[in-house]
Amino acid sequence: MAAAFRDGEASPVEVLRDVFERVDAWEPKINAMYLVHRDAAWSAATESEARWRAGRPLSEIDGVPVTLKENLYSAGDPAPLGTAASDLTPKAADAPPTARVRDAGCVILGKTTMPDFGMLSSGTSSFHGVTRNPWRLDRNTSGSSSGAAAAAAAGYGPLHVGTDIGGSVRLP
C-alpha cells in the first residue's frame, strides 16, 4: 500500500471506501466489530492522503486501515472486555499499541469483538454474542481475538491487532 500511496496509484480514502464496503457487506453476518468509527476513519484517511500527496507520510503504514481488539484501550471508547458485566466508562487514554498505530498515521476502523474477559476460546461473548467465521458462517472463529480474525478473513483491511496469551491469536 505504501508504494501505491507514494506513486498515486491508490489513496487512503479509496482504500477506506473499499474496506467500508466489505464491513457493510459482512458485518451483519459475522459480528466482528464492537465499534466502527466511520467519521474518525474518514478524517484520518483524508489527512493521510494529504500527507502522502505532500510527500510527508508519518510512516510506511500511514493511511493503512487497522482494527484494534477491544481490550486495547482507545481514548474515548468503553472497553467492555467482551462481558455484559462491565463498566462502560470511556477510557481516558490510549494503550501503547493504540498510540503507536495513531502515531504511524494508520486509519483506525474501530474495535473488534472478544469473548468474556478473553477467557473463552469459543469466540462467544455475553456482551457481543457470537463472532462468525466468514468462510463458514455456521462456525465461529474461536480464540479471544475472534473479532480480529474474522475481520481479517472478511477483508476489513490488512492490519488487525489482537493479543495472545494462551492461543488467542493462534486459535482463530
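This is a predicted model: local features need pLDDT of at least 70, side-chain atom pairs count only at pLDDT 80 or more; totals for chains, interfaces and linings use all residues.
Residues are numbered from 1 along each chain as its sequence is written, and side-chain values rest on heavy atoms, with hydrogens and water left out. Local features need pLDDT of at least 70 and side-chain atom pairs count only at pLDDT 80 or more, while totals for chains, interfaces and linings use all residues.

Helices (H or I, at least four residues) and strands (E, at least two) are DSSP runs, numbered from the N terminus. Two strands pair if DSSP finds at least two bridges between them. Strand β6, residues 132-133, and strand β7, residues 136-140, pair in the antiparallel sense over two bridges. The link from β6 to β7 is a hairpin of two residues. N133 has R136 of β7 as its bridge partner.

R136 also takes part in a salt bridge, with D138, in which the closest N and O atoms are 3.0 Å apart. A salt bridge is a side-chain nitrogen of Lys or Arg within 4 Å of a carboxyl oxygen of Asp or Glu. In general, side chains of opposite charge can pair when their charged atoms come close. R136 is partly exposed at 37%, and D138 is exposed at 54%.

The structure holds six salt bridges. Among them is the one between R6 and E60, with an N to O distance of 2.9 Å. This pair links distant parts of the chain: R6 belongs to helix α1 (residues 2-7), E60 to the loop between α3 (38-53) and β2 (65-69), and the two are 54 residues apart. R6 is partly exposed, with a relative accessibility of 45%. Another salt bridge joins E49 and R53 at 3.4 Å, N to O. Both residues lie in helix α3, four residues apart, about one turn of the helix. E49 is buried at 14% relative accessible area, whereas R53 is exposed at 69%.

D116 lies in the loop between β3 (107-112) and β4 (124-125). The residue is buried but has no salt bridge, and K69, the nearest side chain of opposite charge, is 12 Å away. For charge, Lys and Arg count as positive and Asp and Glu as negative; His and the chain ends are not counted. The side chain of D116 makes a polar contact of 3.2 Å with that of T83. A polar contact is a pair of N or O atoms within 3.5 Å; within protein, one must be able to donate a hydrogen and the other to accept it, and residues adjacent in sequence count only if both atoms are side-chain atoms. Leaving aside residues up to four places away in sequence, D116 touches L81, G82, T83, A84, T124, S125 and S126, where contact means heavy atoms within 4.5 Å.

Rings of Phe, Tyr and Trp (its six-membered ring) pair if their centres lie within 6.5 Å; planes under 30 degrees apart count as stacked, over 60 as edge-to-face and the rest as tilted. The count comes to three aromatic pairs. The ring centres of F20 and W42 are 5.6 Å apart and their planes are at 55°, so this pair is tilted. F20 in helix α2 (residues 12-30) and W42 in helix α3 are 22 residues apart. F20 is buried at 3% relative accessibility, and W42 is partly exposed at 30%. Y34 and F127 form an edge-to-face pair, 5.8 Å centre to centre with 70° between the planes.

Note on methods: Buried means under 20% relative accessible area, exposed over 50%, partly exposed in between (1.4 Å probe, protein chains only).
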